[in-house]
Amino acid sequence: MTGGWALAVALFASQWYIYDAIHGHPERIAYYLATSAYIWGVLTPVVVWLARRRPVDSRTWKSTLPLHAAASLALTGLGVFVEASIGWLPRAGQWRFQAALRHYFIHHTQISLVTYWVLLGVVHVYRMYDRARSREIRAAQLEAQLAEAQLIALRAQLQPHFLFNTLQAATMLIYDDPQGAEEILLSLGELLRISLRALQQQEVPLGQEIEFLKHYTAIQQRRFGDRLRFNFQIEEALVGCAVPSLALQPLVENAIRHGIGKHKEPDVVTVRAFSSEDRVRLEVSNLTSVLDDTPERLFSRGVGLANTLARLGQLYGSRQSFEIRNVRPRGVVVLMSIPFRTLAGEAAR
């Protein structure tokens, strides 16, 4: 409202002053500013109110254009009458009021009409801009809500899958190794404690993810004994960086299931985390697996790889990469690359 009023005052006063200067009888610029401020301090709010209440658009222009035409004539008439009165008062003894009124209506009506329609246009443009900005904000909010809902659904799908497989591992040891089954269940309790702590977090510090993973690997170590070893190679500088929660566990699970779970020879599962420029690279590999299909088909199977790939896409868009390939002489490696950043809470510590 204040901006529209200032625009009207400046436009009206400058047009009026230029007109009088061209015709050889200008007043002081303060006179034009004061008169314009009075006129449009009253009239501008009315124009803005009408423009907002009766906007001109593709659906309403047939009814609103005649309304604004009538309003512009009425307000112009009122404005020119006040202007003529102000201009006549200092010369009341030399100039008849009817002559002053005729003079101002002949020479200044077009200025008021132009000012009305300029104000109407300004309000209309601002209204279009405000609507476009509101639509963009709503679209961004809906997109964020959709992404969050999809991430929650992916996590909800992954957690029961992980719990089922871990309980299955404990069940297999109940008769042959009751103590081992008990230790697995105790480790599972610790895993649940950590996962509940991060239940509402889509990203956690890498150090917390590794802590979770070590409890999980302890369960698998108990299950397979000396046939399976784990090797963690984590850069110390990366323990506070943000990674998707439960991102590494399904990859390690796949390495175990398709490695030592299918082959008799011992296996080593290696988990690496290192930085490369402004990115964090995470790798999970083993020594006995062999890819039996294309990566695209492997990603479409099961829960672990498909969910990890989907979550990376939701969290990082095109700024992430995810691939799986054979390594020589034997084995499979899964590589994940995400932008490097620290969580707010970790950065403050």
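Predicted model: local features only at pLDDT ≥ 70, side-chain atom pairs only at ≥ 80, totals over all residues.
1. **Nonpolar surface patch.** Five residues form a nonpolar patch on the surface: Tyr17, Ile18, Ile22, Ile29 and Leu33. Together they have about 470 Å² of accessible area. Two elements give two or more residues each, namely helix 1 (2–22) and helix 2 (29–53). Helix 1 gives the most, with three residues.

2. **Tyr17 within the patch.** Tyr17 is one of the patch residues. The residue lies in helix 1. Its relative accessibility is 32%, so Tyr17 counts as partly exposed. Patch membership requires over 30% relative accessible area, and Tyr17 stands at 32%.

3. **Aromatic pairing.** How many aromatic pairs does the count give? The count comes to one. The partners are Tyr126 and Tyr129. A pair of aromatic rings is described by the distance of the centres and the angle of the planes. Here the centres are 6.4 Å apart and the planes make 45 degrees. The cut-off for pairing is centres within 6.5 Å. Planes under 30 degrees apart would count as stacked and over 60 as edge-to-face, so the pair at 45 degrees is classed as tilted.

4. **Setting of the tyrosine pair.** Both Tyr126 and Tyr129 belong to helix 4 (residues 97–173). They are three residues apart, about one turn of the helix.

5. **Lysine over a ring.** Lys214 lies over the face of Phe232. The distance from the ring centre is 5.3 Å.

6. **Helix 7.** Why is helix 7 (residues 249–258) described as largely enclosed by the rest of the structure? Because eight of its ten residues are buried. The buried residues are Gln249, Pro250, Leu251, Val252, Glu253, Asn254, Ala255 and Ile256. Note that the list includes Glu253 as well as Leu251 and Val252.

7. Thr308 sits in helix 9 (residues 304–316). At 6% relative accessibility, Thr308 is buried; the cut-off is under 20%. Which residues does Thr308 touch, leaving aside those up to four places away in sequence? They are Ala247, Pro250, Leu251, Phe322 and Met336. Pro250 and Leu251 are among the buried residues of helix 7, and Thr308 touches both of them.

How values were computed. Residues numbered from 1 in each chain as written. Heavy atoms only, no water. Patch = residues over 30% accessible without salt bridge, like charges linked within 9 Å, V, L, I, M, F, W, Y side chains within 5 Å. Areas by Shrake-Rupley, 256 points an atom, 1.4 Å probe, with all protein chains shown as cover. Salt bridge = Lys/Arg side-chain N within 4 Å of Asp/Glu carboxyl O. Helix = DSSP H or I, 4+ residues; strand = E, 2+ residues; numbered from the N terminus. Buried < 20%, exposed > 50% of the residue type's maximum accessible area, 1.4 Å probe, protein only. Phe/Tyr/Trp six-rings, centres within 6.5 Å; stacked < 30°, edge-to-face > 60°. Lys NZ or Arg CZ within 6 Å of the ring centre and 35° of its normal. Contact = heavy atoms within 4.5 Å.
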